[in-house]
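Please read it with the structure open.

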Amino acid sequence: MIRLDKLLAHGGLGSRSSVKKLLRSGAVTVNGKCVFDSSMRVDESKDAVAADGKKIEIRKEVYLMMHKPSGYVCAKRDGLHQTVFDLLGDAYRTPFFEDNLHTIGRLDCDTEGLLILTTDGELTHRITSPKSECGKTYFVRLSNKVRSGEAADYVCKCAQGVHIGPEGREKEADCKSACLVWLGSGDEKDECTLTIYEGKFHEVKRIFSALGNEVVYLKRIAIGALRLDESLEKGEWRELSEDEIELLYRI
Ligand code: URA
């Protein structure tokens, strides 16, 4: 069930105040009957809502995959930086989306890659809850090259769980086991993927800092089994397919 004014706003009929005016004018019907009460609750899957005789089509939940570029923050508003919501089209600037659309977890301003935006709070809970241990995989480039002996040491330490230092208001902490895979064939390596199963603040950067290195480039490439669609340019986004939504729900 959803408030009628919210539903009309979601249906693209403008802000809640313009929707109220529309209701007052007698243009809105629910199941064929004229309705004036904006707080009336309607069942979006059953009730037929129309404005000026035109049926309002309601989209229930929205799931978007974005290739987040560096320089954008994962917040609704930010005094300093542009936000990932600024990258979305006008269709997502209705009160419904402004109230409900959110990112599943956050990426740092300088982190790129896979970001999911959705109105589906249940999915967000499943993916971000520490209990679900959903893997998030990052491509990592480090400032210092690592020789083979030390590289093996990094893998073991990540598997055992790295103790990370404090940062800002965040206390030091023990990370859960993470999976590091080195990339490239040379003797000295500076690129790897790291899969983490929780979402501590700046977790990837703090893990490598605790190992005596520094992350110079970070890109999320997968959440669970869902990989970033590399055909999306940085800053582009698209809707998830039904199969992709199912992949996320299987986490
Ligand atoms: N870990 C980080 O350090 N930064 C991110 O953006 C995501 C994970």
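This is a predicted model: local features need pLDDT of at least 70, side-chain atom pairs count only at pLDDT 80 or more; totals for chains, interfaces and linings use all residues.

The points below take the ligand site, the aromatic contacts and the strands in turn.

1. His202 and Lys205 use the backbone instead. For His202, a backbone N or O atom lies 3.3 Å from a ligand oxygen atom. For Lys205, a polar backbone atom is 3.1 Å from an oxygen atom of the ligand. How much of the ligand does the protein cover? On its own the ligand has 240 Å² of accessible area, and the protein covers 95% of that.

2. Aromatic pairs. The whole structure holds 5 aromatic pairs. One of them joins Phe139 and Tyr217. The geometry is edge-to-face, with 6.0 Å between centres and 65 degrees between planes. Planes over 60 degrees apart count as edge-to-face, so the 65 degrees here sets the label. This pair links distant parts of the chain. Phe139 sits in strand S12 (residues 136-146) and Tyr217 in strand S17 (residues 215-223), 78 residues apart. Tyr217 has 22%, so it counts as partly exposed. The cut-off for buried is under 20%.

3. A second pair. Tyr154 and Trp182 form a tilted pair, 5.6 Å centre to centre, with 45 degrees between the planes. Here too the pair links distant parts of the chain. Tyr154 belongs to helix H5 (residues 148-160), Trp182 to strand S15 (residues 179-182), and 28 residues separate them. Tyr154 counts as buried because its relative accessibility is 3%. Trp182 is buried as well, at 14%.

4. Other ring contacts. Tyr92, Phe97 and Trp237 make up one aromatic cluster. Lys76 lies over the face of Phe85, 5.4 Å from the ring centre.

5. The four-stranded sheet. An open sheet of 4 strands runs in the order S3-S2-S5-S6, and the pairing is antiparallel. Which strands are at the edges? They are strand S3 (33-34) and strand S6 (54-55), each pairing on one side only. Between strand S2 (residues 28-30) and S3 there are 2 bridges, in the antiparallel sense. In that pairing, Thr29 stands opposite Cys34.

6. Strand S7. Why is strand S7 (residues 63-68) described as largely enclosed by the rest of the structure? Because 6 of its 6 residues are buried. Both faces are covered. Tyr63, Met65 and His67 are buried on one side, and Leu64, Met66 and Lys68 on the other. Note that Lys68 is in that buried set.

7. Partners of S7. Strand S11 (residues 112-118) pairs with S7 in the antiparallel sense over 6 bridges. There, His67 stands opposite Leu114. Strand S19 (residues 237-239) also runs antiparallel to S7, joined by 3 bridges.

Key
Residues are numbered from 1 along each chain as its sequence is written. Side-chain values use heavy atoms; hydrogens and water are left out. Rings of Phe, Tyr and Trp (its six-membered ring) pair if their centres lie within 6.5 Å; planes under 30 degrees apart count as stacked, over 60 as edge-to-face and the rest as tilted. Buried means under 20% relative accessible area, exposed over 50%, partly exposed in between (1.4 Å probe, protein chains only). A charge sits over a ring if NZ of Lys or CZ of Arg is within 6 Å of the ring centre and within 35 degrees of the ring normal. A polar contact is a pair of N or O atoms within 3.5 Å; within protein, one must be able to donate a hydrogen and the other to accept it, and residues adjacent in sequence count only if both atoms are side-chain atoms. Accessible areas come from the Shrake-Rupley method with a 1.4 Å probe; for residues, only the protein chains shown count as cover. Two strands pair if DSSP finds at least two bridges between them.
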